[in-house]
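I opened my notebook to look at charged contacts today. Here is the model I had on screen.

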Amino acid sequence: MKIATWNVNSLRVRLPHVLTWLDAEQPDLLALQEIKLPDPDFPAAEFLQRGYQLAFSGQKTYNGVAIVSRTPLTALQTEIPAFSDPQRRVLFAETGGIAVLNLYVPNGSEVGSEKYFYKLAWLKHVCEFIRTLLAGHPRLVVLGDFNIAPADADVHDPGAWVGQVLCSAPERAAFASLLALDLVDCFRIFPQPANSYSWWDYRASGFQRNLGLRIDHILASMDLAAKCRACRIDRVPRTWERPSDHTPVIAEFGD
DNA sequence: ATGGTGGCGCGGCCA
């Protein structure tokens, strides 16, 4: 089973990229973030034509998440229990014998800002949600744009990023508390090229200079992590014309 | 270089 995550920064703009990439990579499941369109505008036909099924929780202008899957998507949830949030950042589904939680973690803007504290509160509630999900779903994947670089190895210039949003100690502690639920960062199961990143700022030629961060992740429960056969970042879509600032992360699971 | 680019939508917010 081949599973991927991609923050597309507007599905309307990126639809040709997403379809080209699906046709080339043929994943069983793709989790999308920042689709930035309301549910009635979701471009469903192009996915259905390709034999994919859909679930989405959209929002006009900002946020919005979706799951594209070869197998039927059931038991959908779009809310974090006991955490009221109008922002569409969460999509849970069961499919193909596993459970999937697609997350678009708040960016946090700037350490100490209102958005930063919203991010930390959001992560705390999501952590409790995942704890509950794991109790009922031993085969769980949590994936998406976490907006956290877990370690200095995930940062092009750790010195410049010390204490900055996406890298601050409270954010990294929140990420560690997710792993402490017994989730595994699939990317780090395997040896990886140095300077592997999933996001590059549009500004200052960030991609051309590989000034990136690894902030998009695929976390697997212990049962699933034991079946993980590969995990990689696909930089190719970031080289295409008018790209998203993120590129896909892919994990493959065996029997 | 307190800049820079991109999406949304048409001024300013968000990333």
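**Salt bridges, then the DNA side**

I began with Arg 131 and Glu 128, whose side chains meet in a salt bridge with N to O at 3.0 Å. This is a predicted model, so I keep that in mind throughout. Both residues sit in helix α3 (residues 114-136), three residues apart, which is about one turn of the helix. I looked up their accessibility too: Arg 131 is partly exposed at 44%, and Glu 128 is partly exposed at 39%.

Next I checked Glu 25 and Lys 2, which form a salt bridge at 2.7 Å, N to O. This pair links distant parts of the chain, with Glu 25 in helix α1 (residues 11-25) and Lys 2 in strand β1 (residues 2-7), 23 residues apart. Is Glu 25 buried or exposed? Glu 25 counts as buried because its relative accessibility is 18%, under the 20% cut-off. Lys 2 is buried as well, at 15%.

I also noted a network of salt bridges that links Asp 154, Asp 185, Arg 188 and Arg 214. My tally of salt bridges came to 13.

Then I turned to DNA strand B, which 15 residues surround, the closest being Ser 10, Arg 14, Lys 60, Thr 61 and Arg 203. Arg 203 also pairs with Asp 201 in a salt bridge at 2.9 Å, and Arg 203 counts as exposed at 63% relative accessibility.

Conventions: Residues are numbered from 1 along each chain as its sequence is written. Chains are lettered from A and ligands numbered from 1 in the order in which they are written. This is a predicted model: local features need pLDDT of at least 70, side-chain atom pairs count only at pLDDT 80 or more; totals for chains, interfaces and linings use all residues. Side-chain values use heavy atoms; hydrogens and water are left out. A residue is near a molecule or strand if one of its heavy atoms lies within 4 Å of it. A salt bridge is a side-chain nitrogen of Lys or Arg within 4 Å of a carboxyl oxygen of Asp or Glu. Helices (H or I, at least four residues) and strands (E, at least two) are DSSP runs, numbered from the N terminus. Buried means under 20% relative accessible area, exposed over 50%, partly exposed in between (1.4 Å probe, protein chains only).
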